[in-house]
Amino acid sequence: MKSSIFSTVRAYLYDVYLRFRSIWGSLLTALPYLWGAGELRKEVTEQYPDPISSRTADDLPARSRGLLFNDIQRCTGCKECEKICPVQCIRVDTEAGSDPTKLWVARFDIDFSKCVFCGLCVESCHPQSLMHSRQYEGAVYELKDLVASFGRGYVTAEQRMKWAALRKQAESDEVYL
Amino acid sequence: MSSYPQEASWINLLSSTLGFTPGTQEWVFAAIGLVFIYCVIILPSAAMMSFLDRKLSADFQARVGPNRAGPAGVFQPLADLVKLLQKEAASTDWNWREALWLGVHTMALYSTVAVIPLGSMALLVDTDMSVFLPFWAALVLALGTMLLGFSQASVPGWFGGIRIAAQVLAGAFPSLVAVLCAGIHSGDYRWSAFVGAQAAFPLRWTAFSDPFQFIAFVVFVAGGLVMLAVPPMDAAVSLRDLHGGVSSHLFGRRLSLYRLGRFYGFFLWSVMATVIFLGAWTLPFGLGGVLRTREELWLLQLLETLWLLGKTFLLMLAITSLARVHPRGRIDQVTDFSWKVLSPFSLFALIGSALWTGWGLLR
Amino acid sequence: MLERLRTDLTYWEIGPYHGALPGPMRLKLRIDGEIIVSGELETGFLHRGLEKAMELHPWPATITYADHLDPEAAVFGELALCLAVEEISGLEAPPRAQAIRVLLSELTRISAHLGYIARVGRATGAETLIHYVLRDRERILDLFELLTGARYSLNFVRFGGVAADVTEGFIERVLEVSELMRVRLKEYNDLFTFNHAFLLRAAGMGVIEMGLAFRHGLTGPNARAAGISFDVRKAHPYLGFEALDFEVPLGHGEAGRQGDAHDRFLLRLREIPQSLEILKHVAENVPSGEYACMKIEREFEVPRGEGYGRVESSRGLLACHVVSDSGRFPARIQFRVPTTATLALLPEVIAGLPIADLPVLLASLDLSLAEADR
């Protein structure tokens with residue numbers, strides 16, 4: 001189509017009209033938010049440290065993966081978690097204890113500065129002692145404070161010998177029974 | 001300086017309140033007046049507008065906005081200022097060029113405090129040129145900002161500087177023509193003439209007196225946005241864009257000075273738009289005349305200023321809320337808008353309002 | 001006069017870290033005034049040795065690395081890896097697991113597209129749009145948290161199934177969110193999509209021609225905007241996509257030219273309703289049964305062989321090539337990511353653009369440097 005002066009002017013005016021109409025249209029979309037009209041347009045900000053208006057740890061869904069927690073009483077020291085961890089953030093040291101069915105977990109350190117919260121360790125934990133807590137506020141002042149220790153501590157040589165005797169005793173008891 | 005009526009000026013009221021003798025030099029009055037207006041009107045306005053802007057945009061965006069500093073966060077601007085003031089320099093070498101041009105553009109800008117119309121008695125300078133002085137200030141502001149950008153020796157600075165200059169040149173022409181339109185309507189370019197041509201009722205405001213004046217009003221406001229690089233026409237100074245602009249190298253005290261200057265430009269322009277087009281400070285219900293006959297000059301001045309500032313703030317809020325929902329234009333699109341849309345419409349409005357006023361006179 | 005006005009070429013390096021860049025990358029630009037004459041690209045700043053790290057870990061732990069391939073759309077990496085491993089070891093995911101995977105992948109697609117819309121809004125300075133979009137993406141991230149326990153890096157897909165069954169109320173909430181998204185999409189359109197100022201910036205800018213897209217092997221929404229009708233879900237169906245009824249939108253160049261920035265934006269906006277359609281259909285017909293064919297232990301071994309898994313990620317064809325030499329550790333895992341092709345054609349697209357358009361162009365290409373550098 002050959003453009004005449006009139007069509008050029010008309011196109012120009014239409015362009016200006018579109019410009020102002022789109023300004024008006026944008027404003028019209030956003031204006032109802034000023035009055036917070038309805039459920040669709042309410043404020044969504046979580047005022048996070050405020051315990052009244054923001055969600056707390058109790059509001060998290062059941063599966064949420066917070067900081068890890070190990071129930072050391074149930075832990076058998078099988079090191080499954082240490083082996084599957086994709087970032088090697090779990091370190092376990094064990095030794096033989098008094099109970100022959102489980103090991104004495106001397107050291108169970110989780111380095112949360114490395115942890116990616118993938119949950120593989122929890123999945124692979126057979127005695128189900130390792131679990132995700134609902135805790136998620138892990139900020140500390142020093143990097144070394146990010147290491148959580150759940151171990152029972154290294155024992156003395158004397159204690160070790162005492163346990164060995166106990167185990168021997170238990171074994172001989174079983175033989176007699 | 002001596003053009004203001006000696007008896008009715010609020011400066012005389014102020015000086016008698018402060019205990020100055022009548023023999024004091026005039027420049028002392030003027031200096032006191034400038035500092036007084038700056039501290040009592042412009043700084044609180046900046047704080048208030050920044051707070052209102054943030055709260056309003058938060059409402060638009062389904063957020064809460066500032067809410068920690070004071071009740072509902074009203075002291076947030078103050079907290080921001082204190083934080084900016086105590087920032088240390090990133091490097092130890094003093095960029096004296098930057099300081100110089102920042103100083104130049106700040107001084108040029110605040111010299112217009114002398115002409116800012118804030119009420120029937122707060123007219124320090126009311127000559128037939130006074131409406132054009134802010135244009136000069138905006139041009140010097142742009143020059144200062146441009147050289148400020150050049151002095152930063154960085155790509156964002158260069159581009160930002162050149163773009164500021166391009167924008168101010170593009171915006172100045174249509175806004176000047178829009179002022180001419182209003183001048184045709186009022187017959188003079190004194191502030192008092194602009195005020196005298198309007199009344200309190202909105203249909204008697206210049207902007208709504210005839211369709212051409214309304215076009216002139218829109219052109220004046222939009223041209224001012226382009227000239228002073230106010231969002232959404234802030235392609236030259238936006239921090240979000242890759243080129244950053246002049247402010248990308250400023251920090252701390254310099255940044256607060258720069259941003260206050262930017263705000264003041266916007267404020268000045270909105271005050272001008274209100275005075276020229278939106279009925280100025282004329283109080284409704286004939287309140288002004290009543291107070292004047294009762295000689296309650298302080299009260300009159302106070303009410304007039306508040307009325308004017310209220311209208312100004314509403315205008316500014318309308319513009320900022322528009323900027324929140326609207327995408328930003330590219331620099332060449334902004335200047336194109338000014339040259340290709342605003343300028344033809346301003347000329348159209350000029351011819352139209354001339355004919356309209358001429359027709360009215362002939363009748 | 002103009003012939004004698006010679007502006008020298010200026011060099012400008014942007015990056016590796018800059019707010020307007022989609023990730024750490026270095027752009028070496030030669031600019032003539034404001035026009036970019038040519039640009040060179042340097043990437044690799046986000047190289048994490050992901051593929052090598054996967055070789056050093058037992059099979060179940062590789063999934064964790066696969067979902068760090070692209071943090072924004074984690075499921076696609078996991079899915080590609082799991083499909084490849086399932087091909088070698090002959091595992092068959094039960095129908096219920098397939099349905100959960102489809103739900104996850106379509107939700108991820110929507111959330112990644114919403115992230116894209118927010119980035120384009122940010123580049124063009126439309127602040128309100130950013131907040132609306134991120135608010136709605138939050139709803140999808142909440143869904144992820146409900147199902148998997150994490151909002152990002154889900155680590156939920158397993159070889160031969162998924163890690164757990166759907167939680168109570170998940171399906172209902174998926175339907176709820178998909179209803180809500182329809183309302184929101186209209187809101188975005190009113191607010192932004194056909195806004196005059198956005199059209200001015202995006203229409204006709206940064207055009208990718210069909211030939212250029214073919215030459216560089218471009219896939220995904222960017223290629224479909226250029227007119228290439230290729231979608232892995234249609235071309236190589238997986239997860240039972242062959243049984244689902246959905247359309248693959250193509251770019252028509254409504255506002256400018258086919259394959260321009262506005263077309264790419266619009267195409268993603270059009271893909272969201274298609275994904276919602278799929279979500280609705282699948283969520284209403286989740287088959288009952290097991291969610292995994294077996295529990296994957298640490299000792300899981302993959303027989304000797306090679307497998308190739310392809311998925312349509314939010315950015316295009318994401319494929320995973322797995323080589324196993326029968327053991328607990330993979331021999332080699334390699335990813336084919338869509339962003340590499342986009343990065344390769346970037347220098348050809350930016351030549352001739354003004355630098356003011358660069359942020360919008362980069363946002364409109366939907367680059368993921370995490371994925372490209374891996």
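This is a predicted model: local features need pLDDT of at least 70, side-chain atom pairs count only at pLDDT 80 or more; totals for chains, interfaces and linings use all residues.
Zooming in on one pair, S6(C) and strand S7 (residues 316–324) of chain C run in the antiparallel sense over 9 bridges. Within that part of the sheet, Gly307(C) stands opposite Val322(C) in S7(C). As a general point, strands of a sheet pair through backbone hydrogen bonds, in either a parallel or an antiparallel way.

Next comes a pair of helices in chain C. The axes of helix H4 (residues 95–124) and helix H11 (residues 261–284) of chain C come within 9 Å and cross at roughly 155°. Angles over 145 degrees count as roughly antiparallel, and H4(C) and H11(C) are therefore roughly antiparallel to each other. Their crossing is left-handed. On the H4(C) side, the residues making the contact include Ala99(C), Val102(C), Leu103(C), Glu106(C), Arg109(C), His113(C) and Tyr116(C). H11(C) answers with residues including Phe265(C), Arg268(C), Glu271(C), Ile272(C), Ser275(C) and Leu279(C). Sorted by class, the residues of this helix–helix contact come out as 14 nonpolar, 2 polar and 4 charged.

Chain C also touches chain A, in a contact that takes 24 residues from chain C and 24 residues from chain A. On the chain C side, at least two residues each come from helix H2 (59–66), helix H5 (127–148), helix H6 (170–193) and helix H7 (196–202). H5(C) gives the most to this side, with 5 residues. The side of chain C that touches chain A has 9 nonpolar, 10 polar and 5 charged residues.

Finally, a word on confidence in chain B. The chain averages a pLDDT of 80, and 88% of its residues score at least 70. Residues 1–8 of chain B are another matter: pLDDT stays under 50 over this stretch. For these residues, the model has 12 contacts beyond four places in sequence.

Technical notes
Residues are numbered from 1 along each chain as its sequence is written. Chains are lettered from A and ligands numbered from 1 in the order in which they are written. pLDDT is the predictor's confidence in each residue, from 0 to 100. Two residues are in contact if their C-beta atoms, placed from the backbone, lie within 7 Å. Axes are lines fitted to C-alpha atoms, for helices over the stretch in contact, and angles run from 0 to 180 degrees between N-to-C directions. Helices (H or I, at least four residues) and strands (E, at least two) are DSSP runs, numbered from the N terminus. Angles under 35 degrees count as roughly parallel, over 145 as roughly antiparallel, 65 to 115 as roughly perpendicular and the rest as oblique. A crossing is left-handed if the near helix is turned anticlockwise from the far one by less than a right angle, and right-handed if clockwise. Ala, Val, Leu, Ile, Met, Phe, Trp, Tyr, Cys and Pro count as nonpolar, Asp, Glu, Lys and Arg as charged, and the others, Gly among them, as polar. Two strands pair if DSSP finds at least two bridges between them.
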